[in-house]
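Welcome! Here is a short tour of the pockets and helices in this protein, written for someone meeting the structure for the first time.

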Amino acid sequence: MGLSPGDKFRKEIENNDLVQIVGTVNPYCAMMAKNVGHKAIYLSGGGVANASYGVPDLGITTLNDVLTDVNRITNACDLPLLVDIDTGFGGTFSIARTIREMEKSGVAAVHIEDQVSQKRCGHRPNKALVPAEEMCDRIKSAVDARVDESFVIMARTDALSVEGFDKMVQRAISYIENGADMLFPEAMTSLEQYQIFSQEVDAALGKHVPILANITEFGQTPLYDRQQLISCGVNMALYPLSAFRAMNKAAENIYQQLLSTGTQQHLLKDMQTREELYQHLNYHQYEQTLDDLFSNK
């Protein structure tokens, strides 16, 4: 029997100085990410809301909405998948159901956050947090619900911009003490913050806790590179919507150019070719199967 998704995710972190986790809004993106060499992928709550339902990332989508995209991705790609479950989609029993459904769907890891249920994007103003004790209850509900001990429960905290750095560290320590496996401090603004955060958490707990840096574009966190993040104790770099933003810009340009020029002929150089599409889909193997089947008849 092979490794579970959670084991795969943990081993990537153990065996590498920094794991890059790339956002994949659909199965084809996941397949491309794998084929170019990435080792872990991500499904963003904002990506589900924006790409699949055409709504903003304001806690509008449901567990079932996210599971629809999860199952499509895990059925097409076996890379370990980290999923954004926002605040868990409800209270204790709803969080437990969320974890069980994610695990059954082949997810490797989830992150759950300490915002109120009517949440905001992590890089937007006016965020509000639940008390640390309530977030600890969320974590305990998640940990108790998992069947596979390797399934990763990651605690995200948005406390930096709401309560300040010291309170964020205190929250993070309590989240690990209550069962979280890894930490996601959202909207950090300097490398020094990551370094001090990592040092203080590790010192308080007497062990190293893996930390994720959200390197999202146009947000509060500068776009640090691999070596910068490694140097300050970060283990995972998340690029939640980088490909999605690039796809959107490219599509918008195509739509505009078609309207203004009446042809796409001058845009072919910017498009993935039919053959490149087929390569990622392994199209020719499917076609060969059909040819073999009908030639035998």
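Let's begin with what surrounds the largest pocket. Its lining divides into 15 nonpolar residues, seven polar ones and one charged one. Please keep in mind that this is a predicted model.

The lining of the largest pocket has 23 residues in total, and those nearest the centre of the pocket are Met-32, Ala-243, Met-247, Ala-250 and Gln-272. The space inside comes to about 640 Å³. Which elements each supply at least two residues of this lining? They are strand E1 (19–23), helix H2 (27–36) and helix H11 (242–261). The largest share belongs to H11, with eight residues.

The second largest pocket has a volume of about 390 Å³. It is lined by 23 residues, and closest to its centre are Asp-57, Cys-121, Thr-216, Leu-241 and Arg-245. By class, this second lining is made up of seven nonpolar, eight polar and eight charged residues.

Now to the helices, starting with H11, which gives eight residues to the lining of the largest pocket. Does its length in the model agree or disagree with what its residue count leads us to expect? H11 has 20 residues, and at 1.5 Å a residue it should span 28 Å; the C-alpha atoms at its ends are 28 Å apart, so the two values agree. Just after H11 comes Gly-262, with a positive phi of about 80 degrees.

H2, another contributor to the lining of the largest pocket, also meets helix H4 (residues 63–76): their axes come within 8 Å and cross at roughly 40 degrees. This crossing of H2 and H4 is right-handed. Which residues make the contact? From H2 there are Pro-27, Ala-30 and Met-31, while H4 brings Arg-72, Ile-73 and Ala-76. Sorted by class, the contact of H2 with H4 has five nonpolar residues, no polar ones and one charged one.

Definitions and conventions. Residues numbered from 1 in each chain as written. Predicted model: local features only at pLDDT ≥ 70, side-chain atom pairs only at ≥ 80, totals over all residues. Heavy atoms only, no water. 1 Å grid on protein atoms, 1.4 Å probe; cavity = no way out; pocket = protein on both sides within 12 Å on 5 of 7 lines; lining within 4 Å. Points joined across faces, edges and corners; volume = space filled by probe spheres on them. Helix = DSSP H or I, 4+ residues; strand = E, 2+ residues; numbered from the N terminus. Nonpolar A, V, L, I, M, F, W, Y, C, P; charged D, E, K, R; others polar. Axes fitted to C-alpha atoms, helices over the stretch in contact; angles between N-to-C directions. Left-handed = near helix turned anticlockwise from the far one by under 90°. Contact = heavy atoms within 4.5 Å. Expected span 1.5 Å × (residues − 1).
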